[in-house]
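Subject: Structure handover

Hi,

Here is the structure I promised to pass on. My notes follow below it.

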Amino acid sequence: MSALFSDEQLMIQDMARKFGEAQLLPHSEAWDRDSHFPVDVIKQAAELGFAGIYVSEDVGGSALTRTDAALIFEQLSYGDVSTAAFISIHNMASWMIDTFGSDAQRQAWLPWLTSMELIASYCLTEPGAGSDAASLKTRAVREGDDYVITGTKQFISGAGTSDVYVLMARTSDDGAKGVSTFIIEKDTPGLSFGANERKMGWKNQPTAQVILDGVRVPAANRIGEEGHGFRFAMAGLDGGRLNIAACALGGAQLALDKAVAYAKEREQFGKPIASFQNTAFKLADMETELQAARVMLYEAAGRLDRKAPDATRWCAMAKRFVTDTAFKVANDALQIHGGYGYLADYGVERIVRDLRVHQILEGTNEIMRVIISRYMLKD
């Protein structure tokens, strides 16, 4: 794959790899076990420009491409999937302000976000609005120079810890055209958070409800025009899907590397299990499938960077294929470890748990099939 990237991109990739291996990988098991959110380490990523990867330079961003971002998140997730995924979410929230916000909003918020003096969460999903995101019910009612927002957001990464919440709320009953986007500060009266969810994976980042009970937000904190919020949210999903796929890819690569090392060391019937054809062929398939997923991911990222007309379809295909493949490879790595793979000490079961949610978020893989087939079948 290195032939596809410039020297600058390979330098960015190497920088992300070194950060992931030095700052994330040694602590990944403990963070998962203790459900510890490593905010101090996450903020160190900002020093490398990873808190505003595709945010404009005038507000402290790195102004990199979606391909660059995929390279970064693949390497960070080799160190820790959950932490890399949260950094991706922070970047999505910052990108939305940079892309659709006014210059006043950009200057007011982004220097703090790109330095990670403030961290951000993205709030779209609701208890009754998952795949059907346009059916959200959180409502924002205009009162003079403010909006009063009431409702509940579900499955919000960083909830209760993040300083800033980029949130979608309904400003009219006009379906998807009735959704607007707001920037809400953590300490705003009426804003509260549910209990940290008990999850299968992603245990080192908090996930909770964001509860709004008459939260008064200045109209100056509305991003763009009323009714444009759903379009903003959908525009961010192509890149978000690539990031989540990249995170899955990095985690699966770590699982595969662990499986190869274990197969060389583990002996049964007097010889390493790697010498048995069944194990060797399984490893060969895992490598082939993961490399195919990698090629698809970076093809999709390139199309998004070029603004190709079929970029959305490719991002959906990449998200579906990469996350399914990554989970399969991680699960096969656990199988190669046998009973030891089921133990936390070997680190493979954590990867399997973390990667499972990548087939659900940023649009379930069933929804990815809907998107792909619509492009295939339209006139």
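E126 counts as buried, with a relative accessibility of 7%. Buried means under 20% relative accessible area, exposed over 50%, and partly exposed in between (1.4 Å probe, protein chains only). This is a predicted model: local features need pLDDT of at least 70, side-chain atom pairs count only at pLDDT 80 or more, and totals for chains, interfaces and linings use all residues. Residues are numbered from 1 along each chain as its sequence is written, and side-chain values use heavy atoms, with hydrogens and water left out.

E126 sits in the loop between strand 1 (120-123) and strand 2 (139-143). Helices (H or I, at least four residues) and strands (E, at least two) are DSSP runs, numbered from the N terminus. The E126 side chain makes polar contacts with two side chains: T138 at 2.7 Å and K153 at 2.9 Å. A polar contact is a pair of N or O atoms within 3.5 Å; within protein, one must be able to donate a hydrogen and the other to accept it, and residues adjacent in sequence count only if both atoms are side-chain atoms. Leaving aside neighbours within four places in sequence, E126 is in contact (heavy atoms within 4.5 Å) with L136, K137, T138, T152, K153 and Q154.

Helix 5 covers residues 81-100. Of its 20 residues, 19 are buried. D80 caps the N-terminal end of helix 5, with a side-chain oxygen 3.4 Å from the backbone nitrogen of S82.

Which residues of helix 4 meet helix 5? They are R66, F73, L76 and S77, and they meet V81, A84, I87, S88, N91 and W95.

**Two positive phi values**

M116 has phi near 60°, a positive value in a residue other than glycine. M116 lies in the loop between helix 6 (103-114) and strand 1. M116 is buried, at 0% relative accessible area.

F269 also has a positive phi, near 55°, and is not glycine. F269 is in the loop between strand 9 (267-268) and strand 10 (271-272). Is F269 buried or exposed? F269 is exposed, with a relative accessible area of 80%.

Best wishes

Methods: Expected span 1.5 Å × (residues − 1).
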